[in-house]
Amino acid sequence: MFRGHTFYGHRNAALETQERTPWVAPDDAEGSDVDVSPLDVDSDDDDPSYVPDDEGLTLEDAFDPPNARGRRVNVVVPQEMPVEEEGEGEVNPKRPRVGEWKKDDIDIQPLPDFIHPQPDFLREPYEYFSQFFTAELRDHIVFQSNLYSRQKDVGSNFHISEEDVMVFLGLIIYMGLVPLPSIVDFWAVKTRIPQVADFMSRNRFKAIRSSLHFNDNDQAAGSQDRFFKVRVPFSKVTREFLKVPETPIHSIDEVMVAYKGTRAGNLRQYVAKKPDKWGYKLFCRSSVDGFVHDILMYQGETTFVSHPTQLSEEENAMSVTSKFVVSLVKTIKDPSHAAVYADNYFTSIGLAKYLRSKYGCRYVGTARENRVGHPPLKSVKEMSKKTTQRGTLDYVSSDGILVARWKDNSVVTILSTDVGVNPMGTVERYDRAQKKVPIPCPSAIQMYNNRMGGIDKSDMLTHLYKTPFRAKRYYMRLFAYLLDLIICNAWILYKRDCLALQTNPKPLKDFRLDISNWLRSFKTSNFRITRNSLGTRDVPLPKRGQRAVLPSIESRQDATALHMPKHVTMRQTCKFCSTAGHIHRSRWMCEECKVALCLTENRNCFALFHKISK
């Protein structure tokens with residue numbers, strides 16, 4: 001077993017001796033935000049030979065028994081990943097032809113360093129956030145949310161504006177920084193948080209949360225996309241992610257978005273070895289510093305149909321794990337000057353050859369024994385013997401493809417078309433007698449450790465301050481993850497600018513807090529009640545024989561809504577003081593509630609209607 005993934009995070013030491021030098025992506029993890037001890041070799045996640053339990057599970061393994069009370073539990077079987085037998089994992093059904101294996105190393109010119117363009121000045125956190133959460137996306141959410149409220153109730157008078165959505169998002173981002181046991185605790189007397197309660201009432205917050213929507217339900221029937229309800233925000237945000245300059249080194253891995261509910265059906269996956277065992281499975285591609293550029297949402301047979309890239313007939317014949325990689329590689333701007341790093345779930349010798357021949361893209365990844373074309377290497381069983389010393393290496397190459405097998409705490413097989421075995425390095429391992437023992441380590445293994453952690457770093461950042469968005473609608477958890485990912489990507493882009501300008505970046509917590517403050521400022525900054533703004537909205541009058549729909553008590557007493565009187569030509573029955581035997585009519589109506597109310601010298605039903613529960 002060898003050292004776990006490490007990440008680049010702090011200032012490059014080379015910048016200290018230069019003035020205003022653009023940021024260069026490092027090849028190692030020096031100055032990482034995450035400390036990984038070289039002696040910590042007991043974690044399953046640090047083992048490159050570890051085989052993730054991503055394939056199908058039996059019901060006994062996948063589900064817990066009923067609880068102690070004996071209550072019957074409705075269980076939804078998770079969507080199973082295709083099981084690949086031995087010999088699969090190659091690009092074509094037939095095993096790809098491999099030239100003669102030789103005991104030679106590969107010597108390939110290294111990729112150029114990534115130079116981040118130096119900005120003229122450092123932008124504010126909300127500007128980085130708005131680069132991905134665009135005005136187009138905000139308008140779409142506002143329109144679809146109002147449409148959804150009408151689809152639920154034709155007579156509903158609920159309406160949200162762009163300012164409402166911005167304040168709502170600012171509140172839930174702040175709730176992730178200052179978590180409480182329940183959402184209502186932010187408004188409770190004993191646990192009231194003024195940074196939340198002063199900007200929106202509890203009832204208004206709940207109403208917006210229940211009406212937030214992202215796509216038209218009437219069009220869902222004709223779509224093959226099982227993530228139809230959140231596809232638009234994911235597509236719009238991913239399109240902005242792809243515009244950001246990429247590093248030459250890319251990592252591809254899976255991400256689990258936690259979700260334990262049963263409303264998602266078999267979209268919900270179960271992976272026993274993951275911290276979030278239940279949830280949605282996404283396959284992502286990121287730069288070396290953790291900036292996620294592309295997302296592939298797994299949904300079974302329609303996974304690749306719903307992704308914007310189109311696979312050729314040859315690519316459709318590949319194994320499912322190879323198609324994951326190819327779909328994400330196709331969105332790289334210049335794949336001929338890029339290298340992809342992935343784990344043994346994706347790696348096969350056929351995939352490496354196809355990426356190099358079709359796109360000129362390099363590939364490095366740990367591999368399973370049955371996916372490397374059976375090269376003449378010492379077997380895993382032989383190298384696993386206690387008589388084989390730690391640090392033992394065996395490698396062969398053919399046509400620029402290197403396959404190496406190295407023994408650490410366990411045996412690791414690595415396939416590479418980017419880096420070779422030399423120059424050999426050393427890593428320290430623990431020994432009972434000598435405590436620290438240096439053992440030889442090939443360059444391909446060291447590069448894999450340093451460059452494979454992009455997705456893991458992004459996953460770590462999104463879990464630091466998770467947005468609390470629990471709702472009955474199963475897709476809201478995905479939107480919460482997307483919001484966290486936008487903030488983390490914005491922070492990574494902000495850090496690139498800070499390092500290029502040799503400025504100390506603020507931590508992620510302060511960065512999120514600044515964005516939350518900016519979003520909550522929309523409560524008063526962009527909307528003022530003036531004399532010209534009164535009486536401008538058209539109030540539809542009910543037809544003869546049609547009864548007006550009375551708003552709920554929470555709606556009529558909502559202080560954040562604009563309850564203003566509107567004069568109409570036709571008198572209507574007052575909905576507060578009128579009874580069956582004594583009817584009062586009025587020419588005044590409430591713009592927000594859309595009901596007629598008395599407003600005279602003797603009767604002011606308008607004020608009483610919005611204060612008294614009746």
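Me: Where does D185 sit?
Reply: D185 is in the loop between α4 (162-177) and α5 (194-197). Helices here are DSSP runs of H or I with at least four residues, strands are E runs of at least two, and both are numbered from the N terminus. This is a predicted model: local features need pLDDT of at least 70 and side-chain atom pairs pLDDT 80 or more, while totals for chains, interfaces and linings use all residues. Residues count from 1 along each chain as its sequence is written, and side-chain values use heavy atoms, without hydrogens and water.

Me: Is D185 buried or exposed?
Reply: D185 is buried, with a relative accessible area of 19%. Buried means under 20%, exposed over 50%, and partly exposed in between (1.4 Å probe, protein chains only).

Me: What is D185 in contact with, besides its neighbours within four places in sequence?
Reply: L180, T191 and R192. Contact means heavy atoms within 4.5 Å.

Me: How far apart are D185 and R202 in space?
Reply: They're 9.8 Å apart, C-alpha to C-alpha, and 17 residues apart in sequence.

Me: New topic: how do β3 and β4 pair?
Reply: Strand β3 (residues 278-287) pairs with β4 in the antiparallel sense over 5 bridges; pairing takes at least two DSSP bridges. S286 stands opposite V292 in β4.

Me: And what's between them?
Reply: There are 4 residues between β3 and β4, which form a hairpin, and G290 in the turn has a positive phi of about 100°.

Me: How many residues of β4 are buried?
Reply: In β4 (residues 292-297), 6 of 6 are buried.
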